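Subject: Structure for you to look at

Hi,

Here is the structure I promised to pass on. Please open it alongside this message and have a look when you get a moment.

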Amino acid sequence: MAVDKEKIKEHIKGILLAIGEDPEREGLRETPDRVARMYEEVFAGISYTNDEIAEMFSKTFEAPETRSKNDIVLLKDIEAFSYCEHHIALMYDMKISVAYIPRDRVIGLSKIVRIVDMVTRRLQLQERIGSDIAEVMEKATGSPDVAVIIEAKHSCVTARGIKNRASSTFTTTLRGVFDKDTEVRDRLIMMMR
């Protein structure tokens, strides 16, 4: 489904009127168009299912023969942002770490970043971001052993309501051996430090 920029422009103009602004004043005249173009960019992930994202970024390479069955690949502190589906508020200062244990194939590291980028370009819950990234990684790598750790600030907490600017939200999604084996999970935690 493509973003309907004309509808966005119409509704942004209506929002400006509803909050008492003049959408025809110089500083706001082009705002509906700018917002429509921004929404097309920041919500690009809405147009793709997890299966389609996995297919887009599924190029893998033969794993080293010398690997151990529990060798962990960790890409730490991937910077991202997203928008909370409850207030369409920004989730920011987001750091996402993705770990997996390769089976027969390894995925290019840039593909992991691209998966994170595409998944976060949706209206989301932080918990679902972790779950969606894990699902895409499982499909793209063929490994059921995936962990996703996310730290983020939420403007629905920091800028409105309670206005607690210091708080961060942490979530973990643990699949396969990361969920079942405490020794492997402890190794991951040590790598995260």
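This is a predicted model: local features need pLDDT of at least 70, side-chain atom pairs count only at pLDDT 80 or more; totals for chains, interfaces and linings use all residues.

Strand 2, which covers residues 73-84, pairs with two other strands. Its antiparallel partner is strand 3 (residues 90-100), and eight bridges hold that pairing. If you want a place to start looking, find Ser82, which has Met91 of strand 3 opposite. Five residues lie between strand 2 and strand 3, and the two strands form a hairpin. In the turn, have a look at Ile88, whose phi is positive at about 50 degrees.

On the other pairing, strand 2 runs parallel to strand 5 (residues 123-124), with two bridges between them.

Now for the largest pocket, which holds about 440 Å³ of space. Its lining is made up of 17 residues. Ile88 turns up again here: together with Val3, Ile8, Tyr39 and Phe43, it lies nearest the centre of the pocket. Two elements give two or more residues to the lining, namely helix 1 (5-18) and helix 2 (31-42). Helix 1 gives the most, with five residues. Sorted by class, the lining has 13 nonpolar residues, along with two polar and two charged ones.

Best wishes

Key. Residues are numbered from 1 along each chain as its sequence is written. Side-chain values use heavy atoms; hydrogens and water are left out. On a 1 Å grid over the protein atoms alone, a cavity is a set of points where a 1.4 Å probe fits but cannot get out, and a pocket is an open set with protein on both sides within 12 Å along at least five of seven lines; lining residues have an atom within 4 Å of a point. Grid points are joined across faces, edges and corners, and a volume is the space filled by probe spheres set on the points. Helices (H or I, at least four residues) and strands (E, at least two) are DSSP runs, numbered from the N terminus. Ala, Val, Leu, Ile, Met, Phe, Trp, Tyr, Cys and Pro count as nonpolar, Asp, Glu, Lys and Arg as charged, and the others, Gly among them, as polar. Two strands pair if DSSP finds at least two bridges between them.
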